Each structure stands twice: as C-alpha cells, then as structure tokens.
Amino acid sequence: MLSRISYFICVILVLYTSVVFYPKWNNTATESPLGWDACTYYWYLPATFIYKDLKQQKFGDSIIAKYGFTSGFCQSYLYEGGNRVITYSSGVAVLELPAFTIAHILARPLGYPADGFSKPYQVAIQLWGVLAGLLGLWYFRRLLLLYFSDKATAITLFLLVVGTNYLNYAAIDVTITHSYLFTIYVFLLLNTHHFYTTPKRKYAVRIGLLTGLAILVRPSEMVAALIPLLWGVQSLSVTSFKKQFGFIRQHSGYIFLSAMCVLAVCSVQVVYWLYVTGNPFVYSYDDKTFSWLSPHTWPYLTDATSGWLRYNPMILFIFIGLIPFIRYGSNRVAILTFFIVDLYIVSAWDVWWYSGIGGRAMIQSYVVLFFIAATFIQYLLERKWRIVAAIPFLLLFAYINLWVVYNAHCADSLYDCQHMSNRYYWAVVGRFNVPAYTVRYKDTDEYYDGTPRNMKLLYANNFEADTTAANVEPIAGERSL
C-alpha cells in the first residue's frame with residue numbers, strides 16, 4: 001500500500017515538473033524538446049518517412065535554419081562518397097515512432113506544417129517520453145517488491161525521483177536516451193527474474209529483444225548482457241559458478257534464442273549503415289574516443305562541472321549501502337559486476353562530463369544500482385535509530401537535487417553546466433540568491449573587494465585592424481574577437 005502511495009506521489013511530482021514547472025514544448029530552438037542531442041536521436045524518423053532521404057539529408061540545413069534545434073547542421077557527418085551518417089544510433093527513433101505517427105496524422109488538421117519538426121511533433125515526443133518513464137517507474141515498483149518490503153520499496157521509489165537526476169530526465173529532458181533506457185532495464189530485470197524462476201521461451205525472447213533494444217539505443221549498453229548471464233550468482237565461489245554454468249547449459253536452447261533476438265534488433269543499425277555507407281559497421285562518433293587504460297572515474301564522480309556524486313549526493317547511499325549489500329543482498333555478483341563495468345565504461349569516455357546534469361550517463365543503471373540502495377534502506381528500517389539518523393541526510397540530498405533541477409532550467413539560473421568551478425559551486429549550492437560578484441568564482445577562487453591602486457594598462461586592442469576577428473558580434477566598431 002505504501003509503495004502505491006509513493007508511486008502516485010512520484011507521478012504527481014514528475015507531471016508537475018514536466019507540465020507546470022518546465023513544459024519544454026513552450027520553448028524554441030535548443031531548449032525545445034528537439035534541442036541538441038534529442039534532434040539527432042529523432043532525425044531518422046522524418047528523414048525516412050517524410051523526406052525519404054536517409055543518405056544525403058538535403059533537408060537538414062533548412063530545418064536547422066528554421067527551428068534552430070542545434071547551432072548548426074550537426075546531426076550527421078559527411079562520409080566517403082558524399083552521403084551523411086547520423087551520429088547516434090537509431091534506438092530512440094524506434095521508440096519514438098508511435099508518437100511521431102500520431103503527430104504526423106494530427107499536424108495538418110491542427111494547422112501546423114507536417115514537416116516532422118513543428119509543434120505537434122515536439123509535444124508528442126515529449127509527452128511520449130514522460131509516459132514511458134512513468135510506465136518504467138510503475139514496473140520498477142513491482143520489481144522491487146519481488147525482493148524488498150513494501151515500506152523499503154516506497155522509500156526507494158521516493159528517493160529515486162526526489163533525490164536524483166532521474167527526475168530531470170524523466171520529466172524534462174526525456175527526449176534523449178536515459179529515461180527510455182531506464183524503462184528498458186526495468187523490463188529486462190523483470191524478465192530475467194522470471195526466467196530464473198521459471199525458464200520459458202517467452203522470457204528468453206523478451207530478454208534478447210530488450211537487451212538488443214538497449215544496445216540499439218546506446219551501443220555501450222552491451223553491459224546489459226551481464227545481468228541475465230550472472231543473475232542468481234551469490235558469490236565468487238567455484239560452486240556458484242558451476243551452478244550457474246549448469247543452468248545455462250541446461251537451457252542453452254533458450255540462451256541461443258535470446259542471443260539471436262539481440263542480433264535481430266541490432267541488425268536494424270547494421271542495415272542502416274549498409275544502406276548509407278556500404279559498410280556493416282561504422283564508428284559514427286567521429287573524433288570522440290575512450291581512454292580504456294586511464295578512465296576519468298574520479299572527475300566523473302566529483303568534478304565541479306558535472307560530478308555524479310556532487311550533483312546527486314543521494315547516490316552516496318548506494319556507495320555506503322555496498323557494505324550491507326555485500327553481506328545481505330541478493331544477486332550480488334550480477335549487480336556488483338554490472339556496477340563496476342558500467343562505471344568504468346561511462347567514465348572511460350573522453351567526453352566524461354556528458355553535458356547536462358552531472359552523472360546523467362548512469363541514470364539507466366539506477367534500475368540495477370537501487371537494489372543496493374533498497375537493501376541499505378531495508379537495513380536502516382530494522383532499527384528505528386538508524387532511519388532517524390539517516391533522515392536529515394536524505395532530506396538534505398533531496399533538497400540539493402531539487403535545487404539542481406530548478407536551477408538547470410530557471411531564468412535566473414545559478415547552475416552553469418559548462419563553467420562550474422569548485423569555488424563557485426560552494427558559493428551557490430542550495431541558495432537562490434547570491435551577491436552579484438559570485439559569478440566571478442567561475443574564473444577564480446578569489447574575490448577582491450578593496451580599492452585597486454596603481455593600476456596600469458598592460459595591453460589594448462580593439463581588433464579593428466585584425467581581419468581574422470570578424471566571427472563574433474562586435475561590442476563596438478566593426479570587429480570583435
């Protein structure tokens with residue numbers, strides 16, 4: 001009963017945040033539902049069904065000029081031979097197809113151009129993303145109830161939504177990958193649980209399709225395969241692995257069927273690459289790479305720009321919760337292996353800050369990681385003093401998350417995901433009004449409020465004679481740099 005109440009409170013919060021606080025469809029350009037990365041994920045749909053031009057995408061320049069979703073036509077890059085390859089894989093577009101279809105049917109009757117990008121399309125994919133997130137949250141509740149008490153489940157759901165960046169990416173920035181992937185992972189774990197309880201073909205097929213879909217959304221989600229392969233392993237003992245190997249061998253037919261389903265879904269991207277380039281595999285991220293031997297794990301966790309723990313301190317309960325989880329938790333090997341490998345992959349990416357609210361690349365993994373949090377909450381609930389001692393920290397961490405979500409989107413924002421510094425972070429976090437000079441802390445950790453003396457001009461240049469300095473709107477004169 002408590003978990004149902006918690007879920008509906010979470011629904012109200014998500015809907016309020018999405019529809020009242022920050023309805024993205026009221027914005028234009030990069031702040032619209034199709035701003036920045038969202039436009040690239042979605043690009044497959046109008047290119048395929050409206051413009052019928054997946055190869056050269058001649059419509060692209062005019063669409064970006066009209067709507068301004070990105071600063072330039074950067075949804076794809078030129079490949080050998082003159083065709084253009086869409087940067088991101090097609091999984092999100094597949095998931096958004098129903099919303100696109102509804103919007104395309106309604107666009108002209110509502111008086112909007114049926115160009116794939118006008119207001120009906122933006123509203124449709126935004127609301128579709130919110131509904132997908134709420135569906136995932138409902139089934140996440142059902143998943144947790146299979147392993148935890150109703151009270152622990154209720155608290156876990158509430159802390160997930162109120163205390164982490166899940167709220168932002170399930171309510172506002174829903175048109176990129178993370179909320180969709182969260183829901184995919186929920187169904188993957190549910191079917192994995194049922195498969196290990198009662199092995200059946202339908203569960204094997206679902207596991208394969210869901211794993212393939214996760215990879216189609218983000219290729220790095222190949223890590224999802226660790227969950228069905230290791231589920232049920234409780235320790236690193238030889239006995240546990242022998243038992244797991246025996247289970248897999250006994251149901252090898254189902255495992256093979258599941259693998260075929262993975263390949264079938266992933267073949268969608270291969271077919272696209274073959275059609276556009278003639279090659280079955282294309283690295284479409286251009287110059288972005290991974291540093292496998294020196295991952296950026298520490299800055300990914302703590303950096304002032306976008307540290308996962310810094311902007312989601314509620315995640316500390318996962319790290320602290322590792323202690324009781326290792327002792328009492330179920331499916332320990334699968335969950336801990338997934339956690340370690342996923343964090344390694346995410347932080348090895350050389351663009352480790354990912355833009356957006358810190359740690360967004362881990363949101364889909366919350367489905368797995370909050371098993372650790374729920375175990376810790378259940379441990380706290382065993383003694384009244386434990387939960388009483390934890391409440392002030394839970395409230396503080398939730399407050400910081402709500403502060404971040406607000407300031408990431410309000411007009412007078414104190415959060416600047418591109419230019420946060422350590423000194424500036426501590427000067428603004430949790431506050432809503434700060435002195436005007438605080439902005440200087442983005443550049444320096446000092447502020448001088450005295451009267452400067454003996455000032456000397458060291459250098460001056462108005463750039464009027466510099467013919468290369470015409471790229472920025474002039475402050476004065478003809479040129480600026």
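Trainee: Which residues do ring pairs link into a cluster?

Mentor: A pair of aromatic rings is described by the distance of the centres and the angle of the planes. Rings of Phe, Tyr and Trp (its six-membered ring) pair if their centres lie within 6.5 Å; planes under 30 degrees apart count as stacked, over 60 as edge-to-face and the rest as tilted. Here, ring pairs join Tyr42, Trp43, Phe49, Tyr51, Phe59, Tyr67, Phe69, Phe73, Phe100, Phe117 and Tyr121 into a cluster. This is a predicted model, in which local features need pLDDT of at least 70 and side-chain atom pairs count only at pLDDT 80 or more, while totals for chains, interfaces and linings use all residues. Residues are numbered from 1 along each chain as its sequence is written, and side-chain values use heavy atoms, with hydrogens and water left out.

Trainee: How many aromatic pairs does the structure hold?

Mentor: The structure holds 54 aromatic pairs. One of them, formed by Trp292 and Tyr344, is tilted, at 5.7 Å centre to centre with 40° between the planes. Trp292 lies in the loop between α13 (252-277) and α14 (297-302), and Tyr344 in helix α17 (residues 332-348), 52 residues apart. Helices (H or I, at least four residues) are DSSP runs, numbered from the N terminus.

Trainee: Are Phe317 and Phe376 buried or exposed?

Mentor: Buried means under 20% relative accessible area, exposed over 50%, partly exposed in between (1.4 Å probe, protein chains only). Both Phe317 and Phe376 are buried, whereas Trp292 is partly exposed at 41% and Tyr344 is partly exposed at 31%. The ring centres of Phe317 and Phe376 are 5.6 Å apart and the planes stand at 45°, so this pair is tilted. Phe317 belongs to helix α16 (residues 316-328) and Phe376 to helix α18, so the pair ties together parts 59 residues apart in sequence.

Trainee: Which residues line the largest cavity?

Mentor: Rolling a probe the size of a water molecule over the atoms shows where empty space is left. On a 1 Å grid over the protein atoms alone, a cavity is a set of points where a 1.4 Å probe fits but cannot get out; lining residues have an atom within 4 Å of a point. The lining of the largest cavity consists of Leu159, Met314, Phe317, Phe370, Ala373, Ile377 and Leu394, and α18 gives the most to it, with three residues.

Trainee: Where does Val368 lie, and which residues does Val368 touch?

Mentor: Val368 lies in helix α18 (residues 366-381) and is buried, with a relative accessible area of 0%. Contact means heavy atoms within 4.5 Å. Not counting residues up to four places away in sequence, Val368 touches Tyr185, Leu189, Ile227, Ile335 and Phe338.

Methods. Helix = DSSP H or I, 4+ residues; strand = E, 2+ residues; numbered from the N terminus. 1 Å grid on protein atoms, 1.4 Å probe; cavity = no way out; pocket = protein on both sides within 12 Å on 5 of 7 lines; lining within 4 Å.
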